[in-house]
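Hi everyone, thanks for coming. Today I'd like to walk you through one structure, so please have a look at it while I talk.

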Amino acid sequence: MGICPEIGWLSLRTLLWLFLCAELIFFPSAGEAQNDKRDRNYLIKTYQTEDGLPQNSINGIQQTPDGYLWFATFNGLVRYDGLRFTVFNPGNTPEIPNERIVRLDQDAEGGLWITSENHELTRLREGKFQSIKAPEGLPEAGADNVSIGPDKSIWLCDARMSMHRWENGRFVPKPTPSGIKTNEFYHFVGDATEKPWIMLHDRTVALPVGNGYEVLKDAQGVAVYVRAAEGAKDHGIWVNSGRKLWKMHGRTMGPVEWNYSPGERLSIYGMQEDRTGNVWIATFGQGLFCCTPSGEIKNYSMETGLSHNTLRSVFEDREGILWIGTDGGGLNRFKNALFRTYDARDGLGGNIIMTATEDRNGTVWFGSNGGGVNRLGPKGIEWMTNTPAYMTNRYIWSILACRNDDLWFGTWGNGLYRKSENNFTSWSTNSGILNSIPLVLFEDSAGSIWAGGALGLNHFTGSSIESYSHTNGLSSDDVRAVAEDRKGRLFVATDKGLNVRREGKWQHYFAPQALSNDHLRSLWVDAEDVLWIGSSPGLTRFKDGKFYFFNEGTELSRPITTIVEDNLHYFWLFTDRGVMRISKESLNGFADGSIANLSVVNYGKSDGMGSSESSSSGRVQPAAWKTREGKIWFSSVAGVSLVDPSEVKHEQIPPPVYVEEVLGDDHILRDSNTSANGRERTIIVPASTERLEFHYTAINTTSPLKCLFKYRLNTFDKNWIEAGSRRVAYYTRVTPGTYHFQLLACNQDGVWTTSPASMAVVVLPHFWQTNWFRAMLVVSAMGLGFALYKSRIKHLELRRMEQDKFSVQLMDSQEAERKRIAGELHDSLGQNLLAIKNRALMGLKKETVPGDVADQLSEISSAASQAIREVRDLAHNLRPYQLDELGLTRALRHIIQFVTSPTRVEADVELENLDGLLAPGHEIHFYRVVQELLNNILRHSGATEVFVKGTRKDQFLTLIIHDNGNGFDTQAPGFKGFGLSGIIERVRLMGGKCDFDSSPANGTSVRLEIPVNQNGNN
């Protein structure tokens, strides 16, 4: 409808014919008011077997403290959460011995007493059923009813009208009170905190007098026979004789509240006073009666919406919903209607209402598609098309009541009409207007009229008409809505963006730079000059030159056809799925970032609307209207609906939430015998379970489908899962462990439960997933690891031993080779050198030796002597002969003297007798260690003094060597590079230890501790 005019006209004509077909097929002829006896204060809904009831006779109704409603039927006990019926019978609940339940009574503790047709009795308390039998004091005659006596005591009337009191878990027979005939007691009536009345079996009542009771009598002293007696909210007693209803306080009879005129006496099966003071009376055959506090009498029957006129029970729940049980007609719910809908049955010319407006006198005008002009005034609804002056056209798509009392009508195909007093002026496309179907009518602050449609916008200023289209300022010819702010800016919504006119100039805003979508449907300017825009994808705010779109993720992301703000600053938004209500404060807070979530309340047919579908589809203005009283009219395809925002009750109490059952692989999992704490249930899940289902609910009888849920399986889920209205949670392959399924819910007003309902879930492991199996694996792994560790250590020790053995063998072979070389040097080379020396000396002794030869022989003798000394020193270094000939102690003294005597180092030696303390193979290693230490001192330390002390202490040979040299840093990375690694290795092979204590400029101390030979000397 913006591509070309022809397409727009074709779409409108198609929509018209659809409306006409619906009008002719589904609704009565226009203007023919029906004899409608509906009470628009209530919405009546019927539940029968196809809705989940096991049987259509409802014998009793009660509500337990957990919020569940309970119904007694001839086919079991029924529990109801506002959405689902659950049946309990002998097949699934053995504690209920008989499925034919005839009565439900509730005690002061919230326990539910269930009486069967055969006088069997069952008690339901805190979710558990208990069969009451002889051990619990059930009389042989069986139970008839249970009632609350003085001080909230529980009393049983058996089938023989005898009295029994519940004491310590059983019923105890009690004598009949004074003034009551034997076997005449039926049940107590009234407030349990005071001394109650007694309803007698012969249909009389007894009042407490002194320590006894007296039968209620009339002024003539005749016993008053009553059909019903029920406690009143103000602690009085309502009494109904079948013809009269009155209230009593003590022995004082109040004024007659109701005098039933027909001669026959009503058969009363139930009576209930609701929270507003109405007394509801369920009768057997005459339907339901309501006596209001003002004395008005209303009768509800099958003609007014009841499913049956024969009733068995009546009950008001904690949410103010009235429940009526019938005899074979199912269950009826009476719910207060927030919306009151009017249609052809009330006198409207048709059911498809396109537009609504209110004039200065408070008369509301409606335009109908096929039903012409209608109005609602003090005399009720009038079909104005029957009046010749209003027979302009039966297809009125827009009406506007102006401040000067003019009425403007936009018709289908006949253009625009204006009614001023009794004068009509008309315009058509031939007389200067653009649209033959004016869909949008708006009066600006100057009192001039703007009329728009699919072909542009006209402005009526006095006697002149201005026209606007895409050729002179508009972004599109298809005009959907018009609004104006206090600054005089005119806003025009089209199917191609937003147009703003100020001081004769147009400015345009399009998607995606400014708008989320160009297909606009409705506009509203609030008192702060903020523009609110309804479009196909949702709601947009235009404030201070900036657009904010309430995008996806909120409930506002729907096509919004109409926007109205009530006097409480709540927006009422007509969408493609009914009306949404949301506070403007929360919208601004969400847009400004001060709040995180939006609370939206949805309304539809279940709240009294004739239809959740708007007739305008966002093309008609005004499609809704706020009256001077603050009420709002919404036009729809099934009449026009009125809502009073001041009557909206904000339910601040969140609904109770419960996890009703848990399924594992499609099998119900039972509670364990123990609980995780005092209240939390515990479910045991078998190890082989693949799938878990948590079926949960929220108790809400007003708007159960509007309850929203979120849940989590802690600690399986990291965050809460938003479930919407879904009432089951699914999990697969939950690992073994203990979890807590937590559940939250909110009511229709967005009030969430403050603390979650919780259920402990224990998922059992397979044996290979158990702690003991894991512990066994850990112990086995540790044992295997330890065995591997020991094996590795043993292997390393063997390798070390082999390496040590090899090292010892290597050093022994080195020493043996040194000894051999030393012997060779001493015995062979030394002897040869000595022979050379001796021959040279012998030659020098001859007198005939020439002088030059004598010199050569002298040189040879000296060289040989020097070589002999060097060979001897070399042989001594390779294998000290002192060690073999003189022992370890003297060998150490010799080596100390030998290495220090040619230097300036003074040696201080204290050696005990160390001979024989070490094994023969270790003595040479010990000697080499001392030799290497002394050589290091002489080469590197720069010391002038050295102290050597050798002692035996316990089983160790201890040697200390200290010098006053330069010292070194023992923490330095290369400190072992001074030949110390060899020293340390030799000491280790001897089984000893070597400690170095040194620092720069402070000398060095070395301490050797070597185990002594156990077979050695002391």
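This is a predicted model: local features need pLDDT of at least 70, side-chain atom pairs count only at pLDDT 80 or more; totals for chains, interfaces and linings use all residues.

The chain has 1018 residues, and 50% of them count as buried. If you go looking for secondary structure, you will find 8 helices and 70 strands.

Our example is an open sheet of 4 strands, in the order 38-39-40-41, and the pairing is antiparallel. Which are the edge strands? They are strand 38, residues 440-443, and strand 41, residues 464-468, and each of them pairs on one side only. On average, neighbouring strands in this sheet are turned by 20° against each other, if we ignore direction.

Stay with strand 38 for a moment. How many bridges join strand 38 to strand 39? There are 4, and strand 39 covers residues 449-453.

Now to the helices. Two packed helices are described by the angle between their axes and the distance between the axes. Take helix 6, residues 888-900, and helix 7, residues 920-941: their axes come within 10 Å and cross at roughly 20°. An angle under 35 degrees counts as roughly parallel, so that is what we call helix 6 and helix 7. Their crossing is right-handed. Among the residues making this contact are Leu888, Leu892 and Ile896 of helix 6, and Phe926, Tyr927 and Leu934 of helix 7.

Helix 7 also meets helix 8, residues 980-989, with the axes again within 10 Å, but crossing at roughly 155°. Over 145 degrees counts as roughly antiparallel, and helix 7 and helix 8 are therefore described that way. Here the crossing is left-handed. The contact residues include His922, Val929 and Leu933 of helix 7, together with Leu980, Ile983 and Val987 of helix 8.

So, to wrap up, helix 7 is roughly parallel to helix 6 and roughly antiparallel to helix 8.

Technical notes: Residues are numbered from 1 along each chain as its sequence is written. Side-chain values use heavy atoms; hydrogens and water are left out. Two strands pair if DSSP finds at least two bridges between them. Helices (H or I, at least four residues) and strands (E, at least two) are DSSP runs, numbered from the N terminus. Axes are lines fitted to C-alpha atoms, for helices over the stretch in contact, and angles run from 0 to 180 degrees between N-to-C directions. Buried means under 20% relative accessible area, exposed over 50%, partly exposed in between (1.4 Å probe, protein chains only). Angles under 35 degrees count as roughly parallel, over 145 as roughly antiparallel, 65 to 115 as roughly perpendicular and the rest as oblique. A crossing is left-handed if the near helix is turned anticlockwise from the far one by less than a right angle, and right-handed if clockwise. Contact means heavy atoms within 4.5 Å.
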